[in-house]
Amino acid sequence: MKRKLMIVDDETNIRVGLRAMIERQFPDRYDILLAANGAEALGVLSGGDVELLITDIRMPVMDGIELLERLRELPRTPAVVILSGYDDFQYAKAAIHYQAKEYLLKPIVRTELFAVLERLEDELRLNGERDIRAAAAEPEASERLAQVLQRENVDEKEVRGLLLEAGLDWLDGEYTVGLLKAPAKAADILAASLERGAASGEADWVSCVVREGETVVVARDPNLFPGLLARLRSYSLGQPYLAHSSRARGMGQLRLAYSQARQASKYFLLMHPESGMIGYDAVRGLDSGCPVPEETIRKISNLIGLGRLPEMKRLLQQALDIRVVSRCEIGYLMAVSRLLNEVVFDRVFRTYGEESVEILKLYKKAGHVENFDRFHDYYHHVEQLLERLDEYVAGVRSAHAERADMQKAVDYLHEHYHEDVNMAVVSNYMSLNYTYFSEAFKEFTGESFSAYLRKLRLGKAKELLAKTDLKVYEISARSGFESAKHFTRMFKESEGITPLEYRSRESAARARS
């Protein structure tokens with residue numbers, strides 16, 4: 001079940017942009033709600049099921065600080081992240097007073113936002129906001145292990161105290177940390193089985209859930225891991241995988257070993273061992289000095305919308321060359337993924353605005369390679385997104401070109417309105433199809449060609465009536481009307497008075513002023 005997150009900001013582009021950014025990074029984590037001000041948000045928040053709130057400070061109707069104050073009246077309040085375009089200490093003080101979790105300055109730095117969301121996610125789990133596992137026979141050991149692995153700022157002495165309290169003194173010897181990725185239902189079944197085994201003293205190991213979809217198993221004997229995978233496969237609920245650390249010794253190495261298991265788990269994108277296991281020792285020697293192809297990715301960005309899709313695809317193949325990716329440390333692939341997201345996908349949103357969001361939402365998983373289980377799935381997803389963006393941007397640029405043509409047509413009319421000009425003359429001048437020109441001109445100006453020309457000529461005639469002593473027939477000719485009679489009729493239909501009555505009124509108005 002997705003966690004509900006609300007974004008409150010009076011600027012539509014910021015609301016929609018943040019939603020797109022978060023959904024691409026965490027495609028299946030949040031159900032995101034939007035509100036334009038505090039009052040609008042409060043009506044939804046009163047339901048009590050929103051767990052995370054990202055809100056601007058300065059908004060009409062009800063600002064962010066007032067919203068935080070009103071939240072205190074609710075029986076259940078979300079974790080709050082404050083956004084502000086103003087580096088103002090008073091706002092920071094108010095945010096702290098109302099127990100906001102973070103205070104971020106605009107423009108939002110995506111890595112800072114993601115780090116905050118990760119930390120808050122861990123806090124919500126740690127505080128029991130979600131029941132992450134079935135009732136355990138020995139909850140104390142599992143909870144203590146999760147505490148140690150989730151908390152960033154915990155020293156070795158505190159780690160030791162927590163683990164000893166839970167009866168995990170055997171972690172003073174050698175052990176291996178495994179990170180199990182398996183379908184949720186299978187993991188739940190396995191967790192219950194593990195807990196029964198631990199309760200009966202069958203093995204020296206402990207398990208917990210630190211992140212959604214990841215079960216950590218710390219075992220004295222790593223030979224336990226193949227049996228766990230075999231048991232999971234027997235459930236026929238999908239393919240399980242397990243990444244494990246190097247052999248560790250002593251409680252002080254627990255967090256390091258967990259980091260090694262997490263690092264090893266990233267390589268399942270590229271490696272598919274029959275055993276379903278990857279060890280940190282097998283990947284630690286990969287090349288960590290591979291240069292990231294920044295120039296290639298910039299070229300991809302510059303080519304979008306220019307009708308050069310085959311060239312874009314060749315460049316993408318260079319940037320994500322599986323021969324390079326396979327010999328490089330996983331950070332290379334992560335960096336390429338991040339650059340594609342920031343330099344290519346985010347640039348489309350910044351340049352073409354809210355309309356592009358619908359395409360980016362369809363391919364939101366492309367925002368990060370870790371959203372995929374297999375490298376080739378990520379590659380094809382990015383390739384398809386580039387195809388859609390190329391088509392979209394080409395359409396937008398074409399529309400811009402059409403608008404430039406129509407502006408040229410309008411400029412022509414302003415220069416030649418007094419001549420015998422009509423739509424056939426102007427469409428020929430523009431070298432455009434008559435019917436197409438008619439539709440494009442109306443879309444650009446909001447009026448038909450004849451209505452626009454008539455209004456233009458009447459406007460020029462009104463200027464001459466008010467500022468000159470020219471005769472009506474002279475004004476008619478200079479304004480492009482076919483005769484004085486036709487001019488007078490058109491003028492009265494438009495203004496409700498004759499040209500001479502208009503001149504008299506304008507003259508009297510000038511005299512009074």
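Okay, let's start with the sheet: five strands, open, in the order E2-E1-E3-E4-E5, with parallel pairing. Strands here are DSSP runs of E with at least two residues, helices are runs of H or I with at least four, both numbered from the N terminus, and two strands pair if DSSP finds at least two bridges between them. At the edges you have E2 (30-35) and E5 (102-105), each with a single partner strand, so one side of each has no neighbour in the sheet. Neighbouring strands are turned by 20° against each other on average, direction ignored; axes are lines fitted to C-alpha atoms, for helices over the stretch in contact, and angles run from 0 to 180 degrees between N-to-C directions.

Quick caveat before I go on: this is a predicted model, where local features need pLDDT of at least 70, side-chain atom pairs count only at pLDDT 80 or more, and totals for chains, interfaces and linings use all residues. Residues are numbered from 1 along each chain as its sequence is written, and side-chain values use heavy atoms, with hydrogens and water left out.

Back to the sheet. E1 (residues 3-8) and E3 (residues 50-56) run parallel and are joined by five bridges, and Leu5 sits opposite Leu52 in E3. Helix H1 (residues 12-25) packs on the sheet and touches E1, E2, E3 and E4 (79-84), with its direction at about 175° to that of E2. Contact means heavy atoms within 4.5 Å. Helix H3 (residues 64-71) packs on the sheet too, touching E3 and E4, and its direction makes about 155° with that of E3.

Next, the disulfide (a pair of cysteine sulfur atoms within 2.5 Å). Searching the whole structure turns up one: Cys290 to Cys328, S to S 1.9 Å. The link is left-handed, with -95° about the S-S bond. Cys290 is in the loop between H11 (280-283) and H12 (294-303), and Cys328 in the loop between H14 (322-327) and H15 (330-352), so the pair ties together parts 38 residues apart in sequence. Both cysteines are buried, meaning under 20% relative accessible area, with exposed being over 50% and partly exposed in between (1.4 Å probe, protein chains only).

Last stop, helix H19 (residues 434-445). Which residues of H19 are buried? Phe437, Ala440 and Phe441. After H19 comes Gly446, with a positive phi near 85°.
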